[in-house]
Amino acid sequence: MIIVKMNDTTVECSIAASELHEIGLTPEAVINGAENTTSFFAQLGKEVGEQLDYNPETEVMMMSKNIMMDGSVRIFAVKMTNDDIKKASERIRGAALTVLNTLTRERIEEILAKTGRDKGVAFNEVITKVSDTINKIYGRDEAEQDESAPKAKYQPLSEYARYMLEFDTLEEAERFSKVVQKLPIVDSVLYKYSGMYYILAGLMSAREEIIYDMRRAGVEYSNILLVNAPEAMFIEEQGELIIDSDAIVHLADLTR
């Protein structure tokens, strides 16, 4: 789970479908708030609350949930004080009046009276104005925006994560293995497919510094780094198995 602190009141969380499946959930269950997601949202609420210094006695936490095209789930959590609620209510009131003024009976009759392309253009203008107005309900005043850069954090849903890395040559796989050999990698195999080498490695750790070291080495030495990705199943099915266990250890021991 990737957690990005956008500002002092907003956090964005992105969770891959594969991570959800690891803990027995589906994207649909998270979106619909199924009964078996209670512990997941309790964990998420605790993490987000710490990020935003949330006080449940005086503040409200609002969450919006969306399924992305790749099956992952994106959640926005927004902390609101009484002042924020008041300002949001004023924006909603203003937006509602704007929508009513935009969709007057006269304006609708004008659109209906048009023909051909003009009808479509006129109707699209109305829809665009209404959409822009509604989007402003969820916005914040520019003066309130935090100019500091968003802060990203990786928070694993489980301690075990399986990495897939692609290398052009065996030598590059060896160099990567030498760098990460002391990390808590509990299983690793080496495949070859279409002239490329692939390491599938399971890392058992929830410590951010360990996860960071693994990903930094992957970015530096490999062409592709994927975590809990379905592509690994394809490599297992179609690739040629070169080293069937402790591949990281064996590759790190090779000398050239």
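Is Ser 194 buried or exposed? Select Ser 194 to begin: its relative accessible area is 62%, so Ser 194 counts as exposed (buried is under 20% relative accessible area, exposed over 50%, partly exposed in between, with a 1.4 Å probe and protein chains only).

Before moving on, a word about what is on screen. This is a predicted model, in which local features need pLDDT of at least 70 and side-chain atom pairs count only at pLDDT 80 or more, while totals for chains, interfaces and linings use all residues. Residues are numbered from 1 along each chain as its sequence is written, and side-chain values use heavy atoms, with hydrogens and water left out.

**The whole chain**

Zoom out and colour by secondary structure. The protein chain has 10 helices and 10 strands (DSSP runs numbered from the N terminus: helices are H or I with at least four residues, strands are E with at least two). Of its 256 residues, 36% are buried. Now turn to contacts, meaning heavy atoms within 4.5 Å. Among those between residues at least 6 apart in sequence, 69% join residues at least 24 apart.

**Two positive phi angles**

Go back to Ser 194, in the loop between strand 7 and strand 8 (196-204). Ser 194 is not a glycine, yet its phi is positive, at about 50°. Next, select Asn 228, in the loop between strand 9 (224-227) and helix 9. Asn 228 also is not a glycine and has a positive phi, near 50°. Asn 228 is buried, with a relative accessible area of 9%.

**Aromatic pairs**

Show the side chains of the aromatic residues. A pair of aromatic rings is described by the distance of the centres and the angle of the planes. The structure holds three aromatic pairs (rings of Phe, Tyr and Trp, the last by its six-membered ring, pair if their centres lie within 6.5 Å; planes under 30 degrees apart are stacked, over 60 edge-to-face and the rest tilted).

Then select Tyr 193 and Phe 234. Their ring centres are 5.3 Å apart and their planes stand at 85°, so this pair is edge-to-face. Because Tyr 193 belongs to strand 7 (residues 185-193) and Phe 234 to helix 9 (residues 231-238), the pair ties together parts that are 41 residues apart in sequence. Tyr 193 is partly exposed at a relative accessible area of 27%, and Phe 234 is partly exposed at 40%.

Stay on Tyr 193 and display what surrounds this residue. Leaving aside neighbours within four places in sequence, Tyr 193 is in contact with Tyr 198, Phe 234, Ile 235, Gln 238 and Gly 239. Gln 238 is 45 residues from Tyr 193 along the chain, and their C-alpha atoms are separated by 7.3 Å.

**Helix 7 against helix 8**

Now select residues 170-180 and 208-221, which are helix 7 and helix 8. Their axes are 10 Å apart and they pack at an angle of about 160° (axes are lines fitted to C-alpha atoms, for helices over the stretch in contact, and angles run from 0 to 180 degrees between N-to-C directions). Helix 7 and helix 8 are therefore roughly antiparallel to each other (over 145 degrees; under 35 is roughly parallel, 65 to 115 roughly perpendicular and the rest oblique).

Show side chains where they meet: Glu 172, Arg 175, Phe 176, Val 179 and Val 180 in helix 7 touch Met 214, Ala 217, Gly 218 and Tyr 221 in helix 8.

**Last stop: Lys 178**

Still in helix 7, pick Lys 178. Lys 178 counts as partly exposed, at 35% relative accessibility. Beyond neighbours within four places in sequence, Lys 178 is in contact with Leu 251, Ala 252 and Leu 254. Finish by drawing a line from Lys 178 to His 250: C-alpha to C-alpha they are 9.7 Å apart, and in sequence 72 residues apart.
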